[in-house]
Amino acid sequence: MRFLLVSALCLMVMPVVAQEAPSVFNKCLACHAIGEDAVNKVGPRLNGVVGRPLGSLDDYNYSQAMLAARDSGVEWNRQTLTRFLKLPKHFLPGTSMAFAGMTDRAEIDTLIDYLASFDANGTHITP
Ligand code: HEC
């Protein structure tokens, strides 16, 4: 009985939970927005970032380093994002993203899954 009750509660809660930002996204919030009303802040809005070339929003003023990487055809995917988030200045010397980096692989994976769950318009999708 208790099991059934818990399962039923989970089913009711899950769709809401799925759209909530993981707490690790708090590390990014000072500089980045994501979602339907997202605008560029200190950093570019992150809608649809997974799968697009680096530095490819035309209404954000990227560093020369980011633009050079874009021009050489580098894309954001799980591998490049992982390397960037671990040590931004190591992956992209000259980047203007003043973020020390993070070491916890599980946190990085959680973040990438979250980023991948928004399309370019900021609509929540299931990747
Ligand atoms: C102190 C501000 C700051 C913080 C904190 C920060 N960023 Fe950034 N981020 C930036 C800036 C500035 C840029 C643009 C970098 C450039 O042009 O070199 C950027 C660029 C990016 C890009 C590339 C976007 C694109 O359009 O190519 C991604 C992805 C990104 N940040 C993810 C994150 C994530 C995820 C976090 C949280 C773990 C985070 N950032 C934390 C400032 C920040």
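Student: Which residues touch the most other members of the largest nonpolar core?

Tutor: The structure is a predicted model. Its largest nonpolar core holds 19 residues. Those that touch the most other members are Val 50, Leu 81, Leu 111, Ile 112 and Leu 115.

Student: Which helix supplies the largest share of this core?

Tutor: Three helices, H3 (64–71), H4 (78–86) and H6 (105–116), each supply at least two residues of the core. The largest share amounts to five residues, and the helix that supplies it is H6.

Student: How many helices and how many strands does the protein have?

Tutor: Read along the sequence, the pattern is α-α-α-α-α-α. The count is therefore six helices and zero strands.

Student: What percentage of the residues of the protein count as buried?

Tutor: A residue is buried if 20 or more other C-beta atoms lie within 10 Å of its own. The protein has 127 residues, and the share of them that count as buried is 21%.

Student: Which residues of H4 are buried, and within what arc do they fall?

Tutor: The buried residues of H4 are Leu 81, Phe 84 and Leu 85. Seen down the axis of H4, they line one face of the helix, because their directions fall within an arc of 95°.

Student: Why can residues three or four places apart in an α-helix point the same way?

Tutor: Residues three or four places apart point the same way because of the number of residues in each turn of an α-helix, which is 3.6.

Student: What distance does H6 reach from its first C-alpha to its last?

Tutor: H6 has 12 residues. At 1.5 Å a residue, the expected span is 16 Å, and the model is close to this value. The distance that H6 reaches is 16 Å.

Student: Which residues of H6 are buried, and against which helix do they pack?

Tutor: The buried residues of H6 are Ile 108, Leu 111, Ile 112, Tyr 114 and Leu 115. Seen down the axis, they fall within an arc of 160°, so they line one face of the helix. The helix against which they pack is H4.

Student: Is Leu 111 buried or exposed?

Tutor: Leu 111 is found in helix H6. Leaving aside its neighbours within four places in sequence, Leu 111 is in contact with Val 24, Phe 25 and Leu 85. Because 22 other C-beta atoms lie within 10 Å, Leu 111 is buried.

Student: How far apart in space are Tyr 114 and Ile 34, C-alpha to C-alpha?

Tutor: Tyr 114 lies in helix H6 and counts as buried, with 20 C-beta neighbours inside 10 Å. Not counting residues up to four places away in sequence, Tyr 114 touches Ala 21, Pro 22 and Phe 25. Tyr 114 and Ile 34 are 80 residues apart in sequence, while their separation in space is 9.8 Å.

Student: Which residues are the closest to the ligand?

Tutor: The ligand is surrounded by 25 residues. By class, this shell has 18 nonpolar, six polar and one charged residues. Helix H2 (26–29) and H3 each supply at least two of its residues. The closest to the ligand are Cys 28, Cys 31, Gly 43, Tyr 62 and Ser 63.

Methods. Residues are numbered from 1 along each chain as its sequence is written. This is a predicted model: local features need pLDDT of at least 70, side-chain atom pairs count only at pLDDT 80 or more; totals for chains, interfaces and linings use all residues. A nonpolar core is a set of buried Ala, Val, Leu, Ile, Met, Phe, Trp, Tyr and Cys residues joined through C-beta atoms within 7 Å. A residue is buried if 20 or more other C-beta atoms lie within 10 Å of its own, exposed if 12 or fewer, and partly exposed in between; C-beta atoms are placed from the backbone. Helices (H or I, at least four residues) and strands (E, at least two) are DSSP runs, numbered from the N terminus. A residue is near a molecule or strand if its C-beta atom, placed from the backbone, lies within 6 Å of it. Ala, Val, Leu, Ile, Met, Phe, Trp, Tyr, Cys and Pro count as nonpolar, Asp, Glu, Lys and Arg as charged, and the others, Gly among them, as polar. The arc is that of the directions from the helix axis to the C-beta atoms. The expected span of a helix is 1.5 Å times one less than its number of residues. Two residues are in contact if their C-beta atoms, placed from the backbone, lie within 7 Å.
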